[in-house]
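Hi,

Here is the structure I said I would pass on. Have a look at it first, and then read my notes below.

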Amino acid sequence: MRSTRDRIRHAISFEVIALLIVTPLGALAFGKPLSDIGVIAIGGATIATGWNYLYNLGFDHLMRRLTGGTQKTPAIRVGHAILFEVGLLIVLLPFVAWYLDISLWEALVMDVAFAVFYVFYAFAFNWAYDRLFPLPEWQEAEAR
C-alpha cells in the first residue's frame, strides 16, 4: 500500500496538473470568464483533493481485501476512475449551480463535461503515476 506521503504527493500533483489543463479549456468551452471557471476549478480541486485521498485509500483497502493486492488491471482502472467522478459529481453540482448562478440542469451539463475530461485524465494520470512510482509489491509480482 502507498504511504501517506505518497498519497499526498499523488493527490496534489493530480490536481495541479489538472487545473492547468481544465481551467482554460472550461472557460473556452462554456463561454464563461476564466476567473469564474478558475474559482469553480479551484473549489472543485480543493474538494476533489480530499475526496481523492479518502477514495483511493478506501479503494486500495477494498482491493487488498478482495484480491489480496492493489495492482489494477485496465478494467479496474476504468471502474476506479468512473466511480471517483460519480462521487465527486454529486458533491460539486450544487456548488457549481450556486456560484455561476445557473440552473441545476446547466450545472449538470457542465459537471458531466468536466467529469468526462477527468475520467480520461484520471485514467492516464494514475497509470503514469503508477509507472513513475511503482510499489515494491508490484515489482515482485512482475518478477514471478
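**What I found**

Residues 24 or more positions apart make up 71% of the contacts in the protein chain with a separation of 6 or more. Bear in mind that this is a predicted model.

The C-alpha trace spans about 55 × 25 × 25 Å along its principal axes. Of the 144 residues, 37% count as buried. The chain exposes about 8,300 Å², and carbon and sulfur atoms supply 72% of that area. As for charges, there are 11 positive and 12 negative ones, and their mean positions sit 10 Å apart.

Now the inside. The largest nonpolar core has 20 residues, and Phe14, Val96, Leu100, Tyr118 and Tyr121 have the most contacts within it. Helices H1 (4–30), H2 (34–67), H3 (74–100) and H4 (104–132) each give two or more residues to this core, with H4 giving the most, at 8 residues. Apart from it lies another core, of 7 residues, including Met63, Phe84, Leu88 and Leu92.

Leaving aside its neighbours within four places in sequence, Phe14 is in contact with Asn52, Tyr118, Tyr121, Ala122 and Phe125. It also belongs to one aromatic cluster together with Phe117, Tyr118, Tyr121, Phe125, Tyr129 and Phe133.

There are 18 aromatic pairs in the structure. Phe14 and Tyr121 form a tilted one, at 4.8 Å centre to centre and 55° between the planes. Because Phe14 lies in helix H1 and Tyr121 in helix H4, this pair ties together parts that are 107 residues apart in sequence. Both Phe14 and Tyr121 are buried.

Compare that with Phe123 and Trp127, an edge-to-face pair at 5.2 Å centre to centre and 80° between the planes. These two are 4 residues apart in helix H4, so about one helical turn separates them. Phe123 is partly exposed, with a relative accessible area of 25%, and Trp127 is also partly exposed, at 28%.

Asp101 counts as exposed because its relative accessibility is 70%, over the 50% cut-off.

Cheers

Definitions and conventions. Residues are numbered from 1 along each chain as its sequence is written. This is a predicted model: local features need pLDDT of at least 70, side-chain atom pairs count only at pLDDT 80 or more; totals for chains, interfaces and linings use all residues. Side-chain values use heavy atoms; hydrogens and water are left out. A nonpolar core is a set of buried Ala, Val, Leu, Ile, Met, Phe, Trp, Tyr and Cys residues joined through side-chain atoms within 4.5 Å. Buried means under 20% relative accessible area, exposed over 50%, partly exposed in between (1.4 Å probe, protein chains only). Contact means heavy atoms within 4.5 Å. Accessible areas come from the Shrake-Rupley method with a 1.4 Å probe; for residues, only the protein chains shown count as cover. Lys and Arg count as positive and Asp and Glu as negative; His and the chain ends are not counted. The place of a charge is taken as NZ of Lys, CZ of Arg, CG of Asp or CD of Glu. Rings of Phe, Tyr and Trp (its six-membered ring) pair if their centres lie within 6.5 Å; planes under 30 degrees apart count as stacked, over 60 as edge-to-face and the rest as tilted.
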